[in-house]
Amino acid sequence: MTAGETYQLPACYRPENAADFSYTPDRMAVFEEAGRFRREFEIAPAAADSKRIDLLLIDVQRDFCHPEGTLYVGGRTGQGAVEDNRRIAEFIYRNLACITNIRCTLDSHDNFQIFFPWFWVDSNGEPLAPHTLITVDGRDAKRLVNTDPMGNVLKEDVNPNPAITSWVTDKGYDWLVEQCRFYNHELAAGGRYTLYLWPPHCLVGSPGHTVTGVVDEARTLHSLARASQSWEEIKGTHNLTENYSVLRPEVLTTWDGGVLAERNVRFYRTLVEADALIVAGQAASHCVKSTVQDLMEEILRENPSLAGKVYLLTDCMSSVVVRTEGGDIAADFTESAEQTLDEAASAGMHLVSSTEPMESWPGM
């Protein structure tokens with residue numbers, strides 16, 4: 001079987017499973033189907049590939065990929081990530097013989113992290129609400145305020161919850177307060193996201209942390225058919241910084257000159273050592289956007305020609321669109337994602353569709 005050759009989808013695959021939060025593949029059935037594919041289509045082990053083509057799937061986890069998840073990425077249509085799940089799985093099956101490695105990033109959190117509402121309290125000691133932001137008070141740089149996505153002040157003079165101090169630092173509450181102030185200043189100075197308080201999501205050990213079933217099934221079949229390890233890259237575990245990008249946390253230093261977190265240099269090298277890198281996943285407006293931006297930054301610093309080996313599956317990613325209980329849009333991050341895709345194309349990366357034959361992609 002040659003790369004890009006079309007063949008039937010595996011017997012274990014059902015397109016409707018892309019919308020099923022609880023779907024879990026039958027791994028023995030996948031194993032048997034992988035063996036049949038290997039024999040019938042003469043699929044060679046990935047180690048024999050003359051060209052290494054890697055697929056990077058960013059945060060294709062149940063909490064992001066289904067309406068039942070705590071932070072569903074529905075896009076403007078409301079069906080965003082569900083349809084992306086199906087397209088990603090079918091892309092893997094269509095290109096099984098030429099994808100060398102599939103690498104999944106896993107957003108991984110505990111209860112007390114800086115971007116969860118209960119990390120913070122107002123002046124009455126009450127926790128804040130999700131889908132609100134923490135910003136520096138425009139009148140007093142030492143004060144932090146809680147606003148809605150439109151910038152309207154909801155709570156003045158908010159601080160980290162004193163009760164959780166021992167869980168996030170051994171340096172005491174005063175140090176924590178100073179670090180939180182510094183953190184927000186650093187976000188603004190570095191042009192990073194404003195600190196957004198998300199609903200609890202991707203908690204380690206919860207059902208929402210796992211790879212969505214239909215994609216897990218596809219990556220497992222690929223792994224078994226091609227004798228290629230199934231790779232995972234954990235991100236987001238640090239209590240005191242966000243980590244949208246798999247390549248670096250949002251803030252790297254502490255207010256007193258210490259090291260807070262570090263860039264993921266090892267994983268960057270893994271990615272750029274591939275002959276071609278295909279990127280898909282959730283959300284186009286956040287974790288995909290940040291990863292692509294950081295990848296661009298590193299590539300342009302090291303060797304701009306490396307951008308030509310990156311392919312972004314634009315029909316396999318969706319943006320965060322926050323809706324009210326009545327269905328009205330409260331926040332729409334789609335334009336931010338589109339801007340980053342335009343910047344990536346200008347840098348030399350390729351914007352492609354999962355339904356286009358891979359051999360027709362420029363430079364492939």
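Strands here are DSSP runs (E, at least two residues), helices are runs of H or I with at least four residues, and both are numbered from the N terminus. The model is predicted: local features need pLDDT of at least 70, side-chain atom pairs count only at pLDDT 80 or more, and totals for chains, interfaces and linings use all residues. Residues are numbered from 1 along each chain as its sequence is written, and side-chain values use heavy atoms, with hydrogens and water left out.

Six bridges join β1 (residues 53-58) to β10 (residues 276-281), and the two run parallel. With β2 (residues 101-107), β1 pairs in the parallel sense over five bridges; Leu57 has Cys104 as its bridge partner there.

Is β1 covered on its faces, or open, and which residues show it? I noted Ile53, Leu55 and Leu57 on one side and Asp54, Leu56 and Ile58 on the other, all buried (under 20% relative accessible area, with exposed over 50% and partly exposed in between, 1.4 Å probe, protein chains only).

I turned to the aromatic rings of Phe, Tyr and Trp (its six-membered ring), which pair if their centres lie within 6.5 Å; planes under 30 degrees apart count as stacked, over 60 as edge-to-face and the rest as tilted. I recorded 10 aromatic pairs by this rule. Phe37 and Phe41 have ring centres 5.2 Å apart and planes at 65°, so this pair is edge-to-face. Both Phe37 and Phe41 are buried.

Technical notes
Two strands pair if DSSP finds at least two bridges between them.
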